[in-house]
Amino acid sequence: MTQAINIIVLPVLIGLLLFLIPAGFRFIKGIIAIGVTLITGFLAIRLFGSEDIVFSLGDWVAASGMQTPGLNAYADADKYSSFSLDGLSKLITLFISLLSLLIAVYSIMYKTAGAMRNYHAWFLITLGFSFGAVLSNNLLLFLICWGILGLTLYRLIRGNDETSSAAAKKTLIIIGASDGIMILGIAIIWRITGTLNMDEITLPTSDLVRTVAFLALLAGSFTKAGAFPFHTWVPDYAEKAPATSSAYLPASLDKLLGIYFLARITTGLFAVGEWLRFMMLTIGVITIITAVMMALVQHNYKRLLGFHAVSQVGYMILGFGLGSLIGVAAGLFHMINNAIYKGGLFLTAGAVEQQTGKEELNELGGLSRAMPLTFFAALIFALSISGIPPFNGFASKWMIYQGIIDFGQGIGIANKLWIIWLGLAVLGSALTLASFIKFIGGIFLGRQRKELSAVREASPVMWIPMLILAMGCIGFGVFATNQIIPRLFMPVTGVFEYTGIWDSSTVSLLVLVSIALGILIYLMGNLKNFRTLDSFVGGEKMQEETSFSTLEFYKSFQEFKWLAFMYRKAKDKWFDLYDLTRQFLTWLGRLFSRAHSGILHDYTLWVLAGLVILLLLLIT
Amino acid sequence: MDALIPLFVAIPLISAFLIMLLGKLVKGFHRYFAPLTLLALLVMAVYEFSGLGTSSIQYTMGGWAYEGGFPVGIFMVLDGFSALMLCIINLIGFIALFYSLSYIRKYTAEGNYYALFCLIIAGMNGVVLSGDLFNLFVFLEVSVISSYALVAFGVGKTELEASFKYQVLGGLASMLILLAIGLIYWKTKTLNIADVRNVLDSGYSKPFYIFIQVLLISGFGLKAAIIPFHAWLPDAHSSAPSPISAMLSGVLIKAVGIYVLIRLFFNMFVFSHEIAVVITVLGTVSMVIGALLALIQWDVKRLLAYSSISQIGLVVMAFGMGMILLAKGDNLPVASLAIAGGLYHLVNHAVFKGLLFLNAGALEHRLDTRDLKKMGGLAPVMPVTSSTSFMASMSISGIPPFNGFFSKLIIIIAAINGKFYLLATLAVVVSIVTLAYFLKFQRFAFFNKSPGKSLEKIKEVPFPMSFSMVFLAILCLALSLLAFPSINDAVLRPAINVLMQSDLYSTTILGL
């Protein structure tokens, strides 16, 4: 119990103390942040091994034998401060602390983050409240932690120019809106069940009110995780925020938390009905396809990653939409995998940005020689996210496909459509690969540009975390079926069987063997005797000024007839819920504002009219 | 303790007089005397509040004997609700006055300012303490007439225009109120609130009293700026000097508008379902339209003024829901929750709206503009203003862990539990719109640009101004503690009790 309290309180307290340290001592703040993440990492590992327990603040005070003379404030809060340590929350806690440790290390040398006032303070506060959200068993406590995370998200972006301040504003409005909607859901739950403790609530989604409650909470989870149609803040934020902030919140912590809450509401709080499953599956595939289509045509590599941060969520939602054990496990596994490689991708993007100072794909190219380690890490992440075996992204996607095939055995309408879910999920994966070829090709491959000749590898403090994450991608992929799934995910979901035959380690071995064979053939055969020529296009030698552009190829996507229409509308923000609402509300506001003529006669008339109308209504 | 009650009115009246008299002779007299007066009042208010509990204290001015068991003449009552209001009035008053010490230097005739400030406080204290309708009206006029003068204090074109509109509409409202009071006196032969209740309890003709109630809703609705009686507010609150705007938006519309409405409709009239519905609907309409209007403003203070309409609407809606449930007589715990939410939000709104106007004043003080489009990038150069206004914005938009989150949460939970699903949804929507326009304020005032050469000259505001802002910002966080049940019980329960048991007020006073 004490460890669970400490892991929440310690980062928040230290974070608040960091506000007092002047901005000049940036490095010291960074070191303190690493220290705290180390401690919380240690605590998280200890927690992971501890037994499941539900306890309240009062239990903890009683157990720790603390004397609180004259102050019984905790007694009030007791009802609302229930914490729960179970398989799911312990798993998420563990990964939150691991990822935050790596990002904290990386942040020391990352200048954009360092230039921000109080970056480390907000970083630690985010960490503490993330643990708070995961470990709390009470919906109200959860909501408070959840809301504060929206606030820290807002503070982790600089906002010193027009676009980034607009992105910050949009982010907090969308997140805040989802919090407000969640309050509705929570209030309904309170009215129906009379309790807010998650372990005591199981509701069917049988009638309208309960369904509304479910949808309200679902909206909260989707917004945090960044799923359609509440996703529009993610690409904007990813583009404009420092890479560490993007890696930290939208790419990893928000995914972990959003999907954690999705797991809670779909597997614990509510028994989800068939139509709602159908809806979730639909949203899942829409998220996958639309976001990846948008990613394909991006020029800014951080924005491209932002759209992938959305697209991947679709797979997790698919997993939870299935509702089977394998589906849930796959959703959780994909969530963890996504946090690892997406966090890693943002870190590589940050390294590239810091070393080159450029954010556009068409200004980059050929960095693989200058930044080999970053290139290696980025390649692993890109292969993982595209679902290439034997990396982790493949392992979890494979499980999702299997889950969908199993789901097809059922009798409902959603079950009958399994081939659609499966087809679109696989298509999404293929398109992901396509867009990551653009990412890797655009940044690291091709000819090195002249102005980039001075670029050097990033500092070890930055590439070590990236490589650790890359190792994670490999490890989680290679040992998926025999170690990771049984050890990490089956305790959470329960034991399940696969229908397909897939043993990740054997397959990895086969992949390794075939690569080794290939190298052997290469060395043995007489293949070394080839000619070396400069690159050429259409028989013409490439001139200095004809740049090798990966982007040109992807333009053709935008020129397909139907796609062109959709892309144009997407550019005009036709599909952005935030923008549509804003325009509608502004229009309404203008309408009312026009009535305020500033003429006293009118205003006097309003008062009299109000009086007369009230009289007519009431005295009849 | 009884003896302190008239001092809440007497002290500010006397000091207004002294400031005018001695201010001419002793240099800087008003600069020291006015804050001390307000500080003394604040200490007294907190003292009374902490000692009061659920009891109530009556004071008969001049020791007039009761006439047949009923008090006549000037009669003052201090109970949980009025004590809470006294604390808010004098707290925000003191902070705004302390802020004025450096803010008001740019105006001439500082003495008049401080004297009027003391008068407005005297009027508001009188309104919340007064136990009879006539004195309530007199004190109401004292405070609003001084507010007319203070709105026009800048004597520019816009200030005078705003003040003129405010006077005409305010005068109209006062006329309606006076008419209603006259009618009540005609019918019940008494002006004492408790006594009126007593008479009404023994039967009344409904249409007649509905007529009176509508007059009062219109009159006090105008003072509280409830749509459609709100038109004066955006002009008046944005043209006044900023500390005065903080007073007007923070406490005046509550003390002379909401407080009186609530007091009369809960403790004087007998609940009727129609009136409760009307009040709820008016509150909801104000809440929604006010927020939409605030969304499109580019003048900081106008934005804040419309936001006041919206937030007051939320408070009125919460009380209205409580009234509906009480009128039905079932689901009393939910009614109590709604009223608790309304009161909590009332207190919170005084604090964060006061703070926001002080922030706007700080911006105006340094930049000489209220136009958001002309600001930007001020976060690094005005850190105190920036961080305090951020806290206030988050509070009013209902982001945890600030106080506004908890009061909105309570109101929404009460609405859901009372099955007012539409109202709960609207409250959430308005809360989102509120977040949107306050983030717009944050973005355009403090971010959006990197501070270029033009901004480097700008400095943070002087100590009295920044102290006031920091104090209120801390209060924004500290008031979150009211969400704890036991603290909430200690602070708000006396006031809630007065409103929940609507007969209690008259029975305790009349000793029945």
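Select helix α15 (residues 325-356) and helix α20 (residues 460-478) of chain A: their axes come within 9 Å and cross at roughly 150°. α15(A) is therefore roughly antiparallel to α20(A). Axes here are lines fitted to C-alpha atoms, for helices over the stretch in contact, and angles run from 0 to 180 degrees between N-to-C directions. Angles under 35 degrees count as roughly parallel, over 145 as roughly antiparallel, 65 to 115 as roughly perpendicular and the rest as oblique. Helices (H or I, at least four residues) and strands (E, at least two) are DSSP runs, numbered from the N terminus.

This is a predicted model, in which local features need pLDDT of at least 70 and side-chain atom pairs count only at pLDDT 80 or more, while totals for chains, interfaces and linings use all residues. Residues are numbered from 1 along each chain as its sequence is written, and chains are lettered from A and ligands numbered from 1 in the order in which they are written.

Stay on this pair. The crossing of α15(A) past α20(A) is left-handed (the near helix is turned anticlockwise from the far one by less than a right angle; clockwise would be right-handed). Show the side chains next. On α15(A), the residues that meet α20(A) include N337(A), Y341(A) and L347(A). On α20(A), W463(A), M466(A) and F476(A) are among those that meet α15(A). Residues are in contact if their C-beta atoms, placed from the backbone, lie within 7 Å. Colour the contact by class: twelve residues are nonpolar, five polar and none charged. Ala, Val, Leu, Ile, Met, Phe, Trp, Tyr, Cys and Pro count as nonpolar, Asp, Glu, Lys and Arg as charged, and the others, Gly among them, as polar.

Select α1 (residues 2-18) and α7 (residues 119-135) of chain A; their axes come within 7 Å and cross at roughly 160°. These two helices are therefore roughly antiparallel to each other. α1(A) passes α7(A) in a left-handed crossing. From α1(A), the contact includes I7(A), P11(A) and L18(A). From α7(A), it includes H120(A), F129(A) and L135(A). By class, this contact has 15 nonpolar, four polar and no charged residues.

Now zoom out to chain A as a whole. Its secondary structure comes to 26 helices and six strands. The C-alpha atoms fill a box of roughly 100 × 70 × 65 Å, taken along the principal axes. Colour domain 1 (231-528) and domain 2 (577-618) separately; the bounds come from an automatic or database domain assignment. Their C-alpha centres lie 51 Å apart.

Bring in chain B. How many residues of chain A are in contact with chain B? 46 residues of chain A touch 52 residues of chain B. On the chain A side, α4 (73-77), α8 (139-155), α9 (162-193), α25 (577-595) and α26 (600-618) each supply at least two residues. The largest share, 15 residues, comes from α9(A). That side has 27 nonpolar, 13 polar and six charged residues.

Finish in chain B with two cis peptide bonds.

- I227(B) and P228(B) are joined by one, with omega about 10°. P228(B) is in the loop between α8 (206-223) and α9 (232-239) of chain B.
- P400(B) and P401(B) are joined by another, with omega about 5°. Look for P401(B) in the loop between α14 (383-397) and α15 (403-417) of chain B.

Conventions
Two residues are in contact if their C-beta atoms, placed from the backbone, lie within 7 Å.
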